[in-house]
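Subject: Handover of a structure and notes on its contacts

Dear colleague,

Please find the sequence and structure below. My notes on the contacts follow.

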Amino acid sequence: MTWFKKKETPSQEEKAIDALWSKCNVCQEIIYKKELERNLNVCPKCSYHFPIQAQKRLAIVTDEGSFKELDRALVPVDLISFRDLKRYSDRLREAQQKTGLKDAFITGRCEIHQLPAMVGVFEFDFLGGSLGSVVGEKIARMIEKAIDEKIGAIIFTSSGGARMQEGILSLMQMAKTSAALSRLRKERLPYISVLTDPTTGGVTASFGMLGDIILAEPGALIGFAGPRVIKETIKADLPPGFQRAEYLLTHGMIDLIVERRRLKETLGKFLDLLYH
Amino acid sequence: MVRHYLDFEKPLRELEREYEELRRFAPRDDPRVSARIEKLEKRITKVREETYAQLTPWQRTQLSRHIDRPHTLDYIRMIFEDFIELHGDRGFMDDPAMVGGLARLDGEAVVVLGHQKGRDVKEMGYRNFGMSHPEGYRKALRIMELGVRFNKPIVTMIDTPGAYPGVGAEERGQAGAIAHNLREMAAFPVPIVVVVIGEGGSGGALAIGVGDRILMMENAIYSVISPEGCAAILWRDGTKGPLAAEALKITAADLLNLEVIDEIIPEPFGGAHRDYEGAAATVKEAVVRHLRERKDVPVERLLAERYQRFRRMGSFLEE
């Protein structure tokens, strides 16, 4: 029982405040929203990297006007008529209305510092960025296109893992995307994986961890099993910083932690060093 | 051996126990006893048919995890000759939840590996209930690479609740270990036949599950998440496993329908645990047949077809 009950609906005044101000999840600092956006959604006080939408991510890392979206027309289908407390088809419709996207992933061709690459970005707001058939198909296609055009590929992950509502087919997207990356690798074309908060489950255990270069944003939660599941399994507290980007760097699982404002520059350098 | 019964097998238990007792201890020459035995036999046949004819996905889930069910090492013992187990990932440890080695199948040298569960409390702990750490997947990869170097076909057996969710497993790269296996298995230039013999639990199962042919035993399950795990998240109630088992489409028939597997391996009536030798013979026949069919396929075509096998999986529309 909580002592202070949260009000069901915020008052007009609270709404107005919410529209202008954000609170940092880590240091609790109240930040003026415009200021936060100018700072690429990174807390100016503690450098917490707020999750950002796919479109914003693309705007931050690609050369202006260079992004050409691909496979926009791919839409999810509820093949197994999945229903839990809600129908999967209803969940899809709600997510599509909420995000304006057909599914949880955007792909396209872009340039970073004038260097071409195929790029894919998760939209976490779409069913937790879960990996379903459309996401898997888009990844396979972008990798195949990278091979055709003899350019590299970059994927920004933020995902809870495989999309349960698509049953076994969602699990098979792990195999499908990894097989595509095996071909890219054989062609000696670079693949850079950028892990952002949060990346867990089947996404980490396939293309997430298959990068020639694996980067992460500061503080990002990255793992196979979620922290809650692990805690329940081992029935003990988890070590401080467990499954955060810094922890993974210390344990040798990733190459580099890159701040958001340095991301474009860093990706450009990697492409340059690997291409030429 | 003490036979273990599942909840839904209870009506059968009473009948089979009485039958066994009569046969063992009652005087055979007593006509009343032989009449009773005859009656019981008929009744048992009928109840067996009623019990097993229309198993629900949840009942199959229970059967797939049955404590008496044959495990990887049982099948290896019954199907393969000259099996020599190989140990360790050459980096950190030997993971007893994954076993594998070299062996001969129907006269031909092969690599065979799979998840290994335990049967009693001690062995279950030792095998970590068939849940591998990263070292298990790395051992599997190492053994498969050995097979590739010496041009041996690969047979894998899936039987795991999933990859182990623990601190050490995460620290040592559980996700990366699984991912590497997926990528490497996609391109191994030797035939790979995968058999789901029991529980196909998520990424930990798929980590040895990329191949040219995926076969599945009649009462095995293969799922993106355990029915209980799915229920806990989507129904917010872990006891709704039977509902989730239904919704997730995890039975062999479902997966054949979704074109994820190539063939269902029939099991002895009532499940593989009721007739080890019978189950093993059927598995052997299927594996040998598929390996033989893939054996002489040129490598380029073998790999192209394996790629396409997974490439076409998924459901979407293009507007």
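I begin with a charged pair in chain A. The side chains of Lys176(A) and Glu137(A) form a salt bridge, with N and O 2.7 Å apart; the term denotes a side-chain nitrogen of Lys or Arg within 4 Å of a carboxyl oxygen of Asp or Glu. Lys176(A) belongs to helix 6 (residues 168–186) of chain A and Glu137(A) to helix 5 (residues 133–149) of chain A, so the pair ties together parts that are 39 residues apart in sequence. Helices here are DSSP runs of H or I with at least four residues, strands are runs of E with at least two, and both are numbered from the N terminus. Lys176(A) is buried at a relative accessible area of 1%, and Glu137(A) is buried at 5%. By the rule applied, buried means under 20% relative accessible area, exposed means over 50%, and partly exposed lies in between (1.4 Å probe, protein chains only).

The model is predicted, so local features need pLDDT of at least 70 and side-chain atom pairs count only at pLDDT 80 or more, while totals for chains, interfaces and linings use all residues. Residues are numbered from 1 along each chain as its sequence is written, chains are lettered from A and ligands numbered from 1 in the order in which they are written, and side-chain values use heavy atoms, with hydrogens and water left out.

Glu137(A) also meets Arg311(B) in a salt bridge, at 2.9 Å from N to O. Arg311(B) lies in helix 14 (residues 299–311) of chain B and Glu137(A) in helix 5 of chain A, so this pair joins two chains. Arg311(B) is buried, with a relative accessible area of 10%. These residues are part of a network of salt bridges that links Asp71(A), Glu137(A), Arg141(A), Glu144(A), Lys176(A), Arg311(B) and Glu318(B).

Turning to the interface as a whole, chain A and chain B bury about 4800 Å² between them, and carbon and sulfur atoms give 70% of this. Buried area is the accessible area (1.4 Å probe) that two parts lose on being put together, summed over both. Met164(A), Ile168(A) and Phe224(A) supply 14% of the area that chain A buries against chain B, more than any other three residues. The contact (heavy atoms within 4.5 Å) takes 58 residues from chain A and 50 residues from chain B.

Four salt bridges are found across this interface. Glu319(B) and Lys102(A) are joined by a salt bridge between their side chains, at 3.9 Å from N to O.

On the chain A side that touches chain B, strand 4 (74–76), helix 5, helix 6 and helix 7 (227–234) each supply at least two residues. Helix 6 of chain A gives the most, with 15 residues. By class, this side of chain A has 33 nonpolar, 13 polar and 12 charged residues. Ala, Val, Leu, Ile, Met, Phe, Trp, Tyr, Cys and Pro count as nonpolar, Asp, Glu, Lys and Arg as charged, and the others, Gly among them, as polar.

Within chain A, an automatic or database domain assignment gives domain 1 (13–50) and domain 2 (52–275). Their C-alpha centres lie 25 Å apart, and the contact takes seven residues from domain 1 and nine residues from domain 2. The two domains of chain A bury about 680 Å² between them, 53% of it on carbon and sulfur atoms. Leu40(A), His49(A) and Phe50(A) lose the most area on the domain 1 side, together 74% of what that side buries. The count of salt bridges between these domains is zero, whereas six residue pairs are in polar contact, both residues at pLDDT 80 or more.

In chain B, Glu16(B) is placed in helix 1 (residues 10–25) and is buried, with a relative accessible area of 5%. A polar contact of 2.5 Å joins its side chain to that of Tyr5(B).

With kind regards

Key: Polar contact = N/O pair within 3.5 Å; in protein donor to acceptor, adjacent residues only side chain to side chain.
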